[in-house]
Amino acid sequence: MKDTKQQFEHVIAICRDLFAKKLHDYGAAWRIMRPSSVTDQIFIKANRIRSIEIKGVTLVNEGIRPEFIAIVNYGIIGLIQLEQGYAETDDMTEQEALEQYDKHAKAALELMLAKNHDYDEAWRSMRITSYTDLILMKIYRTKQIEALSGNTLVSEGIDANYMDMINYSVFALIKLEFGE
């Protein structure tokens with residue numbers, strides 16, 4: 001399990017580095033996105049991954065790795081938006097955005113460690129394609145919860161689904177980064 005924590009932190013550092021570079025280039029322009037738009041953005045990324053997995057070829061010179069990184073980052077953006085609400089302008093400094101990023105990445109790590117303990121690292125025996133399918137399922141669940149305005153009877157909320165999408169993406173990135 002010690003390796004898992006270190007591998008998770010390594011992958012999150014890669015995702016955070018890209019997030020920070022985009023913050024430099026664009027600011028926190030994503031602050032105007034409503035959570036449902038963030039969900040749709042994650043859908044686009046997951047759907048592209050599945051398309052590449054099925055077709056086995058990509059016409060845009062990027063593989064699935066950047067898409068999993070994007071899902072991690074949009075998942076964290078989604079958590080920020082759920083907590084802070086969306087804004088009418090780019091109302092967050094780079095430093096504030098990075099502090100929020102770190103807070104939610106830490107929460108994802110803590111959740112992963114707890115679940116990883118209970119599931120005994122079962123994710124290591126799974127295929128990356130299964131993570132893709134699970135992410136897509138979580139997206140459809142999230143869209144349904146959004147359609148219900150968050151009024152579920154027994155289900156976890158949108159935030160829990162974003163956390164799972166982040167963690168499934170991290171698992172895929174660990175496998176891509178460190179091998180199966």
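How many aromatic pairs does the structure hold, and how are they placed within the fold?

Modeller: The model is a predicted one, and the structure holds 5 aromatic pairs. Phe43 and Tyr140 form one of them, an edge-to-face pair with 6.0 Å centre to centre and 65 degrees between the planes. This pair links distant parts of the chain, since Phe43 belongs to helix α2 and Tyr140 to helix α5, 97 residues apart. Tyr140 counts as partly exposed, because its relative accessibility is 48%. The ring of Phe43 has a further neighbour: Lys143 lies over its face, at 4.6 Å from the ring centre.

A second pair is formed by Trp123 and Phe171, whose rings are stacked, with 4.2 Å centre to centre and 5 degrees between the planes. Trp123 sits in the loop between α4 and α5 and Phe171 in helix α6, so the pair ties together parts that are 48 residues apart in sequence. Trp123 is buried, at 5% relative accessibility, and Phe171 is buried too, with a relative accessible area of 8%. Ring pairs also link Phe19, Trp30 and Tyr101 into a cluster.

Trp30 leads on to the nonpolar core. The largest such core has 49 residues, and Trp30, Phe68 and Val72 are the ones that touch the most other members. Two or more residues come from each of α1 (2–26), α2 (35–55), α3 (65–84), α4 (94–119), α5 (128–147) and α6 (158–178). The largest share, 11 residues, is that of α6. Leaving aside residues up to four places away in sequence, Phe68 touches Ile49, Ile128, Thr132, Ile135, Ser169, Ala172, Leu173 and Leu176.

Helix α3 itself is largely enclosed by the rest of the structure, because 14 of its 20 residues are buried. Its length can be checked as well: at 1.5 Å a residue, the 20 residues of α3 should span 28 Å, and the end C-alpha atoms are 29 Å apart, which agrees. After α3 comes Gly85, whose phi is positive, near 80 degrees.

In helix α6 one also finds Asp164. This residue counts as buried, because its relative accessibility is 7%, under the 20% cut-off. Apart from residues up to four places away in sequence, Asp164 touches Leu111, Lys115, Lys138 and Glu156. By contrast, Val154, in the loop between α5 and α6, is exposed, with a relative accessible area of 78%. The C-alpha atoms of Val154 and Gln41 are separated by 26 Å, and these residues are 113 apart along the chain.

These details belong to a chain with 6 helices and 0 strands. Of its 180 residues, 42% count as buried. Among contacts between residues at least 6 apart in sequence, 82% join residues at least 24 apart. The C-alpha trace spans about 45 × 40 × 35 Å along its principal axes. For 180 residues, a compact globule would have a radius of gyration near 16 Å, and the chain has 16 Å, which agrees.

How values were computed. Residues are numbered from 1 along each chain as its sequence is written. This is a predicted model: local features need pLDDT of at least 70, side-chain atom pairs count only at pLDDT 80 or more; totals for chains, interfaces and linings use all residues. Side-chain values use heavy atoms; hydrogens and water are left out. A nonpolar core is a set of buried Ala, Val, Leu, Ile, Met, Phe, Trp, Tyr and Cys residues joined through side-chain atoms within 4.5 Å. Buried means under 20% relative accessible area, exposed over 50%, partly exposed in between (1.4 Å probe, protein chains only). Helices (H or I, at least four residues) and strands (E, at least two) are DSSP runs, numbered from the N terminus. Contact means heavy atoms within 4.5 Å. The expected span of a helix is 1.5 Å times one less than its number of residues. Rings of Phe, Tyr and Trp (its six-membered ring) pair if their centres lie within 6.5 Å; planes under 30 degrees apart count as stacked, over 60 as edge-to-face and the rest as tilted. A charge sits over a ring if NZ of Lys or CZ of Arg is within 6 Å of the ring centre and within 35 degrees of the ring normal. The radius of gyration is taken over C-alpha atoms; the globule rule is 2.2 Å times the number of residues to the power 0.38.
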